[in-house]
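Colleague: I would like to learn how to read side-chain contacts in a model. Where do we begin?

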Amino acid sequence: GDYTVGGGLQNTHWVSVQGHPTGGYQQPDPVNIFINVGENEKVTFKRQGNFQFNLYIINGQVELASDFGEMGTTFSVAQGATLIDNRSSFSNNFGVKLFNRGTVRTGGAYSIGNNAFVYNEGKFYVNGALDYIAGSWNDPRFFNVGDNVELTADSFTLNSNGGFISDGTVNITGATTVTQNGITWVNNGKYTTGELRFSAQNCTFYNYCRLNVTGTTVFTDGQFNMMTGSYVKMKYGIFNNFIVDMYNNSMVYITDGTKWGRQGQGTFQGF
């Protein structure tokens with residue numbers, strides 16, 4: 001049933017957060033809460049005040065209320081367990097981490113960012129648009145890796161720095177969009193998206209395996225790396241001031257035609 005944490009019980013011991021990109025932050029020292037209920041049983045968390053805790057879901061289902069708020073802590077979902085997050089964002093100034101080997105579901109559109117770290121080794125279902133804003137981190141902090149791993153969303157937009165790395169399955173109904181320079185995007189599994197939009201003078205896009213764009217691909221002002229043995233299929237291609245580097249046995253299959261920039265600034269070159 002419903003379970004409220006906080007209230008008269010609040011964290012009083014503050015600790016420094018080491019390695020934070022902005023440095024110098026302090027936050028309450030979190031306690032550990034473990035959930036181990038029946039597979040079909042659910043605990044709904046409500047939170048009062050600034051109570052901070054690491055949440056470990058061993059078994060069963062845990063639901064976070066939409067007004068649960070932000071926590072600079074760790075969320076861990078074991079295999080077979082489920083986290084239902086009704087908040088609109090997963091972020092915190094102090095940094096927040098999600099490790100998932102079970103199932104994560106969102107109540108609606110979801111924004112991952114502001115010093116968040118996500119490591120998905122299970123099922124991650126976003127009921128709406130997914131945004132990833134890595135803050136001031138430069139290294140990738142969103143991973144979708146492992147056997148039988150799946151990430152699903154209506155759309156996927158990568159903003160700010162950082163990056164996304166996947167060797168699992170990704171299913172994006174609408175567009176996958178990268179908006180900023182310095183973002184890394186790596187597919188080493190099966191990635192399906194309605195549209196693919198890469199731009200912003202970015203050269204850190206890598207496809208190692210299978211990429212399927214059911215609609216239009218828009219490549220402008222950047223570079224895409226088709227690694228050895230990789231494959232991409234798209235319906236339409238629009239290219240301007242863009243280079244596609246094609247390594248051994250890589251293949252680009254465009255089924256319904258292409259459109260180039262007015263100056264014909266687009267290159268497919270083999271290595």
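Modeller: Begin with burial. Buried means under 20% relative accessible area, exposed means over 50%, and partly exposed lies in between. Keep in mind that this model is predicted.

Colleague: Which residues of the Arg87 and Asp85 pair are buried?

Modeller: Both Arg87 and Asp85 are buried. They form a salt bridge, with the closest N and O atoms 2.9 Å apart.

Colleague: What is the general idea behind such a pair?

Modeller: Side chains of opposite charge can pair when their charged atoms come close. In the whole structure, a search finds six salt bridges.

Colleague: How far apart are the closest N and O atoms of Lys46 and Asp2?

Modeller: For that salt bridge the distance is 4.0 Å. Lys46 sits in strand E5 (residues 42-47) and Asp2 in strand E1 (residues 2-5), so the pair ties together parts 44 residues apart in sequence.

Colleague: Which residue does Lys123 meet in a salt bridge?

Modeller: Its partner is Glu150, at 4.0 Å from N to O. Lys123 belongs to strand E15 (residues 123-125) and Glu150 to strand E18 (residues 150-153), so this pair ties together parts 27 residues apart in sequence. Lys123, at 25% relative accessibility, is partly exposed. Glu150 is buried, with a relative accessible area of 19%.

Colleague: Now the rings. How many aromatic pairs does the structure hold?

Modeller: It holds 24 aromatic pairs. One of them is Tyr110 with Phe124, an edge-to-face pair: 6.3 Å centre to centre, 70 degrees between the planes. Tyr110 is in strand E13 (residues 110-113) and Phe124 in strand E15, so the pair ties together parts 14 residues apart in sequence. Both Tyr110 and Phe124 are buried.

Colleague: Why is the pair of Phe117 and Phe143 tilted?

Modeller: Planes under 30 degrees apart count as stacked, over 60 as edge-to-face and the rest as tilted. The planes of Phe117 and Phe143 stand at 45 degrees, so the pair is tilted; the ring centres are 5.9 Å apart. Phe117 in strand E14 (residues 116-120) and Phe143 in strand E17 (residues 142-144) are 26 residues apart, and the pair links distant parts of the chain. Both Phe117 and Phe143 are buried.

Colleague: Which residues form one aromatic cluster?

Modeller: The members are Trp185, Tyr191, Phe198, Phe205, Phe219, Phe224, Phe239 and Phe242.

Colleague: Which ring face does Arg47 lie over?

Modeller: Arg47 lies over the face of Phe68, at 5.5 Å from the ring centre.

Methods. Residues are numbered from 1 along each chain as its sequence is written. This is a predicted model: local features need pLDDT of at least 70, side-chain atom pairs count only at pLDDT 80 or more; totals for chains, interfaces and linings use all residues. Side-chain values use heavy atoms; hydrogens and water are left out. A salt bridge is a side-chain nitrogen of Lys or Arg within 4 Å of a carboxyl oxygen of Asp or Glu. Helices (H or I, at least four residues) and strands (E, at least two) are DSSP runs, numbered from the N terminus. Buried means under 20% relative accessible area, exposed over 50%, partly exposed in between (1.4 Å probe, protein chains only). Rings of Phe, Tyr and Trp (its six-membered ring) pair if their centres lie within 6.5 Å; planes under 30 degrees apart count as stacked, over 60 as edge-to-face and the rest as tilted. A charge sits over a ring if NZ of Lys or CZ of Arg is within 6 Å of the ring centre and within 35 degrees of the ring normal.
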